[in-house]
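Subject: Structure handover

Hello,

Here is the structure we spoke about. Please open it first, then read the notes below.

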Amino acid sequence: MNSESEIKRLAKKIRFTPNPDIDKRILALAEEALKTKPAKPKPNIWRIIIKTKITKLAAAMVIFAVGVFGLVTLNKLTTPAWAIGQTIHALEDVQTIIISGTTVYYDSNNTPEDKPFKCWIKLNDENGNLLMRVESPREIVVVQGDKVYYRRPGSKRVKIFEGHTVRNLKFWYKVMELSPWLTGKILQTLKPLADDWQEEYGKNEKTGSDCVFVKCSYKKLSASFWFVFDIESKLIVEAKHWSNQNHQGPVNLYADSFVYNQDIADETFTFEIPEGAKVVYIKYVEQRDELMEKGWELFEDGQYADALKSYQEADDLFMVGICYDNMGEHEKAIESFKEIIDQEEDFQGGLSSTYFYLGNSYMQIGQKEKAIEAFENCLHSGKGFRDTEGFPMKNAREYIEKLKNKE
Amino acid sequence: MIGRSILLNVEEVLMPEDKQLLKRMRCGDKDALRQIYEKYRDDLFTVAVSLLRDVHASEDCLQEVFVNFAAAVDSLRIRHNLKGYLVSCVANRARDHLRKQTVQLNCSLEQLGPLAVNSDPANEVSGHEELEQVFEALAKLPYEQRETFVLHVQGEIKFSQIANLQNVSVRTVQSRYRYGIEKLRTILGGKRP
């Protein structure tokens, strides 16, 4: 039983059937639930937001104001000084927001370090487009309506995502991938209700004004949040996000400044493409996912040349490299893997696989020293993140030993 | 609880039969609910058992998914297909169970009691043994790789849907799937590529 197709075939044949008593119990409960469901569906939060004039923007901002909570949580509020509906109403008069703070990145030793970020948001330019700019030492993102520009500072590789509509959540998921701390992860909390909601009234330490401090978590995303709402303006003035449910450890994002309705120059939302930069146009997110799906099916069938085309279109450098490797074009594979490493797109252990395959490709063309170096980088990159007895760490150690014994 | 599916616009067309059954369910038709249950019960239960390897937790998982499905049917907008939606719900519930540590991981097939692998009667005895080997090998995968493999192969969910569910990129899902396959091949006596 050594082929993938055989393993898949057998896995598909595995079937379990519950005890008939379980069937009866489940059906009885489900029928009861069907009978007692509300006569009218509860308002769909996202649809309500879509109808307000602030919608396009505050898919970003509303996440701080609304997303985590949902209208249903209005019922949880017991103090009349502030209610989430007031924040929604206040946001209707907001045309621009400038958010700044810090976000965590991991250095080459996988040590967390805080870096500053700043975000400018303008709803409705003269064409009715959302404009956004996000800057940090690690990335520059500019959103102009349905077009997203991305590059790393100092990099000569620019990605342009185009064709999405703001209403398409996938657009925001892609923005999320580019700037995870800005919209997407928090945007996703629009949907379910927050878990473990707690609110406390107090004073803002910085300004002395009356505030509501809200803590909540979102289990589905393993995320937790802390918000400060100013009672007078009803708007968010501070926010924190953790990548766990318990508000523990390094804060993933701390937005300590929100400035509303400040005039923002138009040139803030222009994106400069450096001279000589390589510009990569990324298909719609759905198309990219489909290309990768298709690429994988072709790859599994051994059609590496056709898979390569799909992955090139999807700009999946890693799989481009793997395809070239399988086609015996190891120098081209090396180019792809090195481009990934140059971009540092994968971190937190992700580069270890890239280094491994880079080493593998060098080995195929007899470049032993470079292969050893790549395998050693694999071990360094994966330290603390990858299982030391699993792929690629164990394999890298074995290859290093094998290559060194040949000397 | 309003799930992600509620907020996405209806895009893909459901299978006509499932579309009809959902429509009837929304009118309170219990028989439609029963038909959906009977149609997908084994698929969902198999996914739950493959993930959780615990009878009672899998039964609870199946119950929670269906009861919530019945309660929320009016407000659901199922994007891909009904089976995919329900399998995703099972995966989410399975994670909840694991988080609460209400499952005993890595049960052997014998401990699963009367729920022996229910393969096609046309299989030979040796085929049944191979199924057991694959099932046991799945237990040795890290959870994320097992989840990816089970959802893709047994749940028939696309990588892009798994990526949404796991909240990672499609490439990460493909990596997890690849590593899972490699490990299964190693465990089951195959050679690495």
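A search of the whole structure finds 24 salt bridges over all chains. A salt bridge here is a side-chain nitrogen of Lys or Arg within 4 Å of a carboxyl oxygen of Asp or Glu. Side chains of opposite charge can pair when their charged atoms come close. One of the salt bridges joins A:E272 to A:R133, with the closest N and O atoms 3.8 Å apart. A:E272 sits in the loop between β11 (253-260) and β12 (278-282) of chain A, and A:R133 in strand β3 (residues 131-136) of chain A, so the pair ties together parts that are 139 residues apart in sequence. Helices (H or I, at least four residues) and strands (E, at least two) are DSSP runs, numbered from the N terminus.

Some ground rules. This is a predicted model: local features need pLDDT of at least 70, side-chain atom pairs count only at pLDDT 80 or more, and totals for chains, interfaces and linings use all residues. Residues are numbered from 1 along each chain as its sequence is written, chains are lettered from A and ligands numbered from 1 in the order in which they are written, and side-chain values use heavy atoms, with hydrogens and water left out.

Confidence next. The model scores ipTM 0.82 and pTM 0.53. pLDDT is the predictor's confidence in each residue, from 0 to 100. Chain A has a mean pLDDT of 75, and 71% of its residues reach 70 or more. Its lowest confidence is in helix α4 (residues 55-58) of chain A, at a mean of 29, and its highest in helix α10 (residues 304-313) of chain A, at 92. Over residues 38-79 of chain A the pLDDT is below 50; this stretch still has 112 contacts in the model beyond near neighbours in sequence. Contact means heavy atoms within 4.5 Å.

Chain B averages a pLDDT of 76, with 74% of the residues scoring at least 70. Confidence in chain B is lowest in helix α1 (residues 4-7) of chain B, at a mean of 28, and highest in helix α7 (residues 143-154) of chain B, at 94. Residues 112-126 of chain B stay under 50 in pLDDT, and the model has 28 contacts for them beyond four places in sequence.

Now the helix pairs. Axes are lines fitted to C-alpha atoms, for helices over the stretch in contact, and angles run from 0 to 180 degrees between N-to-C directions. Angles under 35 degrees count as roughly parallel, over 145 as roughly antiparallel, 65 to 115 as roughly perpendicular and the rest as oblique.

One pair links the two chains. The axes of helix α2 (residues 20-35) of chain A and helix α4 (residues 55-72) of chain B come within 7 Å and cross at roughly 25°. That makes α2(A) roughly parallel to α4(B). Residues in contact include A:I22, A:L29 and A:L34 on α2(A), and B:L62, B:F66 and B:V67 on α4(B). By class, this contact has 11 nonpolar, 1 polar and 3 charged residues. Ala, Val, Leu, Ile, Met, Phe, Trp, Tyr, Cys and Pro count as nonpolar, Asp, Glu, Lys and Arg as charged, and the others, Gly among them, as polar.

Another pair lies within chain B. The axes of helix α8 (residues 159-166) of chain B and helix α9 (residues 170-187) of chain B come within 8 Å and cross at roughly 105°. α8(B) and α9(B) are therefore roughly perpendicular to each other. Among the residues that meet are B:F159 and B:I162 of α8(B), and B:V173 and B:Y177 of α9(B).

Best wishes
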